Structures are given as C-alpha cells and as structure tokens.
Amino acid sequence: MSNPKRVGKDLTNGPIFPLLLSFAIPLILTGLVQQLYSTVDLMIIGQYVGSVGTVGVATGGELIDLMTPFSMAIATGGQIYIAQVAGAKNEKKLKEAVGTLLTLMMLLAAATTLAALFFHQGILHIMNCPQEAWDQARNYMVITALGIPFVFGYNAISGVLRGMGESKRPLLFVSIAATINIFTDLLFVVVIPLEAAGTAIATVLSQVGSCVAAFLFLNKHKDAFDFELSPRFFRIHMDPLRKILRVGLPQLIRTFSVQGSMLWVKSSINVYGLVPSSTYSIGNKIEKFMNVFVQGVDNAAGAMIGQNLGAKKPERVGKTLWYTLASNMVVACAVIFIFLTFPKQLFAAFTTDVEVIEFGVTFLRIMSVGMIVVAFAGCFKSIATGVGDAFLCFLLGVLDGVCRILVCLLFFYVFDQGVQSYFWGAAFCMLLPGLISFFYFITGIWKKRKLLVES
C-alpha cells in the first residue's frame, strides 16, 4: 500500500518532459549553489591572497573534493535502490533501506575522517604541492577534514530524498550552506586575514549548516519511512546493504578512478609552476560550475529511470533519455558560447594575474569541445545507474579515469602539447564511456536486467 505521507514525487505517471524538468531544475539549482559557495572560496582567496592562496586552496581542497564524490557514490547506490523500492511501493523495504544507508554512511564518515587527518601530509607530497603554497594547502586540508562527517550526512539524507522523488528540499539545505559560507568567507579572509585556513573554516561551517538542516527535515517527516532517532532504526540490514553496495561500490570505484586520474593530472601540472597550476585550478572550477546543468538533468533522469523500472514501465525509459540528451545539448551549446565569448572575464573573476588570465583562454577553448562530450556521455550513463547495472557502472568508472590519463599521454608524447595535454585529457575522458553507454541503451540489453528490488 502506498504511504499517504510519502515524501517526494511520483515519477512514473504524467508527461515525461515536464516531469523531467520539474525534477531536474531543483537539482540544477542545488548544484549551482554548491558550486557557487565553493567558487566564492576560490574567488576571495585569489583576490585577497593571490596565486599562492589559489593553489593552496585548490591543492588542499583535493581531499574534500575526493571525499564528497566518495560519499555521493554510496548515497547514489542508496538513492537508486530507494527509487526502485519507492516505485514498487514497498514500505517495509523502504524503511530498511533508509536505516541501512544512514548507518553505513555514518560509519564510513568516521573512518575516512580519521584516515584524512592521519595521511594529509603524504597526500600533499604525492600531489607535488608547490613549496610556496605548502602551508596554505596543509591548513586547508586539515581543517576541511573535520567537515567530512557532515558531508556524508548531508549526501546520505539527500540520497534518500532524491530516491523518493524529492528534489526541492536539498536545494534549501545547500542554500543555507551557501549563505553561511559566503558570510564566513568574508569574515575569516577579508576581515580577519586567516588566508586559506579562514576559507576552510567557512567551508566546514557551511557543511554543518546543510547537514543539520537536512536532518531536521528528515526528522520532521519521519512518518514517511518510519524514521526514529533510536538505535533500533540505525541498523544495517544485510539485504539492502548488499543491493546498495552493488550499485554504490562501482560508483565508488568510478570516483576513485576519476579522482585518482585528476590527482595525477593536478600533480603533473604542479610541476610546471604556479601559473599553469593556478590556470588549471580556476579552469577546473569554471568547468564544474558549467557542468552542473548537465549533471542535474542526468541525475533526474537516473531517478526517473529507477522509479519507472520499479513500477514496470520500461517504455518511459527511452523517452526519458532522448529528452535528457536534447536538454543536455542545448545547455552545452550555451556553455560553449560563454566559454568562447567571455574567457578572460571568467578568469578575471578569480585572479588578477595576467598570465593566468591569458592561459585561461586556451583552457576554455579546449573545454568547449569537452562540453559536447560531457552532454552526450552523461545522458546515456544515467541508464546504467538507473537500472543498477553494477558491472557496467564499474566498467564506465574505470574507463573514465583510464581514458583521462591515456588521452593526456597521447597529446603529450604524440602531439607534443606540453602542459595543454592535461587539458585535452579532461575534455575527452568521457568519450569512450559515453559510446559504451549509448550501445548499451540502443541494443536493449538493459531491458533484460533483473532490478535490485526483485533480486
């Protein structure tokens, strides 16, 4: 029986495109706000501390940049299983899935926080952190490590809500975080000149704010999945755990593959000095900001696919993907126009270094090609996530990271592109995973997969 107090939206009925947009827009806005406050960090530190601060925050931030997608990977596993359970309207499994996901994320948060605090110096050495930025990077990395439990908490609760079709509340939560971050950034960097440490404190306080807001909402609507703040609820049930990890672990491997390859790229670029390192750091931030639009639509498509498959409506899956692809391409074209028309203005918002601004023009020209690749690949990769195909998610994740490195080496040794080789690697890394996902879709292999909720 369907729960009359259910949180979220039923994505299995009604016109597909309006439903996709109504679900995707809050996700896009959520991503934009998330990128906004992390971008503000880099803008303020670049304007008030300079390239040393920019590189320090970008390099020291690689740890939290790894932990965030790590937590999102496991949360995505929970989200897809919860979406299928919600689509099948199985209230008992829903309660077990939510309890298992929240408990698992709490345990992982504790373990990763301790590991981060213990190994932070080694990470900076591996990344070839420029000596001029070492203290800035170390301070940023240590302080932001303390915010890891709140990152995991926020992503766990948001995964639960998205799986149930609720995309508006995470926007509220992250808006609270952004507000906290912007004001505390100004306080601890501009008013009280704590440099990278001040930016790190602001980041942690914002993470606390979003996590607390998410938990309060979860507790307020506890009847939707029989949530209770007691040890009885926070238990790991083996069947949901197995299914969450079946999707989550490939996502996690993808995270480590992608982030590992990005760390390799960052480490390689750092050898060239502050200007190339600062250019890549700023350019990567701009790229992430623009990718938010595509990622929001892709995440919405994944949730829609999960619910519709759970509800035994595979005919809606194909239409969802074609609408997703069309939306992505429109956004990609708009982003390319911005990259090619206003490259210097975009970089000038982050730095006053003329050399960095000039090199940034080259970066954005290359990434204009990458936006088409991202729009195509992101769309069709959502079919593997929505279906819960563990092996394909694993394969796509590994290829994403491997292709980044191989393309970099190709442009470095064959085309003699020097430091620009690493920009080309970022632009083309998702091409092969996208083509494989497209083949998976058009051959109909996904229709023969047994769903997580059925196994």
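This is a dialogue on reading a few features of a predicted model.

Visitor: What does the side chain of Thr144 reach, and which residues is Thr144 in contact with once its neighbours within four places in sequence are left aside?

Guide: The side chain of Thr144 reaches the backbone oxygen of Tyr140, at 2.7 Å. With those sequence neighbours left aside, Thr144 is in contact with Ile64, Ala200, Thr203 and Val204.

Visitor: How should I read a pair of aromatic rings, and how many aromatic pairs does the structure hold?

Guide: A pair of aromatic rings is described by two quantities, the distance of the centres and the angle of the planes. The structure holds 22 aromatic pairs. In one of them, Phe412 and Tyr413 have ring centres 4.9 Å apart and planes at 75°, so this pair is edge-to-face. Phe412 counts as partly exposed, at 26% relative accessibility, whereas Tyr413, at 63%, counts as exposed.

Visitor: And what kind of pair do the rings of Trp424 and Phe428 form?

Guide: The ring centres of Trp424 and Phe428 are 5.9 Å apart and their planes lie at 15°, so the pair is stacked. Both residues lie in helix α15, residues 421-428, where they are four residues apart, about one turn of the helix. Trp424 counts as buried at 19% relative accessibility, while Phe428, with a relative accessible area of 24%, is partly exposed.

Visitor: Which residues form an aromatic cluster?

Guide: One aromatic cluster is formed by Trp322, Phe376, Phe380, Phe438, Phe441 and Trp446.

Visitor: Turning to helices, how are α4 and α9 arranged, and which residues of the two meet?

Guide: Two packed helices are described by the angle between their axes and the distance between the axes. Here the axes of helix α4 (residues 91-126) and helix α9 (residues 238-270) come within 13 Å and cross at roughly 20°. Because angles under 35 degrees count as roughly parallel, α4 is roughly parallel to α9, and their crossing is right-handed. On the α4 side, Glu96, Ala97, Thr100, Leu101, Leu104 and Ile126 take part; they meet Pro240, Leu241, Ile244, Leu245 and Ser267 in α9.

Visitor: What can be said about the loops, for instance where Leu194 is placed and which residues Leu194 touches, not counting residues up to four places away in sequence?

Guide: Leu194 sits in the loop between α7 (169-191) and α8 (196-220), and with a relative accessible area of 36% Leu194 is partly exposed. Not counting residues up to four places away in sequence, Leu194 touches Phe188, Val189 and Ile201. Leu194 and Val49 are 145 residues apart in sequence, and their C-alpha atoms are 9.9 Å apart in space.

Methods: Residues numbered from 1 in each chain as written. Predicted model: local features only at pLDDT ≥ 70, side-chain atom pairs only at ≥ 80, totals over all residues. Heavy atoms only, no water. Polar contact = N/O pair within 3.5 Å; in protein donor to acceptor, adjacent residues only side chain to side chain. Contact = heavy atoms within 4.5 Å. Phe/Tyr/Trp six-rings, centres within 6.5 Å; stacked < 30°, edge-to-face > 60°. Buried < 20%, exposed > 50% of the residue type's maximum accessible area, 1.4 Å probe, protein only. Axes fitted to C-alpha atoms, helices over the stretch in contact; angles between N-to-C directions. Parallel < 35°, antiparallel > 145°, perpendicular 65-115°, else oblique. Left-handed = near helix turned anticlockwise from the far one by under 90°.
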